Amino acid sequence: ERYADAEASLDEAILVLEEQLSSDEAARNRGSAYCLMAQVLDAQTLPEEADEFWETCLIEANAGNPDEDTWLGVYEQR
């Protein structure tokens with residue numbers, strides 16, 4: 001429940017991803033940071049803020065990645 005710490009780390013990760021959009025590595029794992037940020041915001045009962053991150057998570061997540069597939073399931077149950 002260290003949401004502030006998680007949010008700060010994820011903000012930094014998302015910033016790095018945005019700067020490295022042309023990198024294959026960044027593109028392949030891009031959904032993770034957005035999926036996690038959405039969950040952090042939901043846990044803090046900030047659903048409107050979480051919606052924006054869920055939208056990007058749904059677009060960028062790779063269902064072939066077990067973690068990201070789990071997070072897509074979290075969204076569906078949301």
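Guide: H4 passes H5 in a left-handed crossing, meaning that the near helix is turned anticlockwise from the far one by less than a right angle (clockwise would be right-handed). This is a predicted model, in which local features need pLDDT of at least 70, side-chain atom pairs count only at pLDDT 80 or more, and totals for chains, interfaces and linings use all residues. Residues are numbered from 1 along each chain as its sequence is written, and side-chain values use heavy atoms, leaving out hydrogens and water.

Helix H4 covers residues 47-60 and helix H5 residues 66-77; helices are DSSP runs (H or I, at least four residues), numbered from the N terminus. The two pack at an angle of about 135°, with their axes 10 Å apart. Axes are lines fitted to C-alpha atoms over the stretch in contact, and angles run from 0 to 180 degrees between N-to-C directions. H4 and H5 are therefore oblique to each other: angles under 35 degrees count as roughly parallel, over 145 as roughly antiparallel, 65 to 115 as roughly perpendicular and the rest as oblique.

From H4, Trp54, Cys57, Leu58 and Glu60 make the contact, and from H5, Glu68, Trp71, Leu72, Val74 and Tyr75; contact means heavy atoms within 4.5 Å. Seven of the residues where H4 meets H5 are nonpolar, two are charged and none is polar. Here Ala, Val, Leu, Ile, Met, Phe, Trp, Tyr, Cys and Pro count as nonpolar, Asp, Glu, Lys and Arg as charged, and the others, Gly among them, as polar.

H4 also packs with helix H3 (residues 30-43), at about 155° and with axes 8 Å apart. That makes H3 roughly antiparallel to H4.
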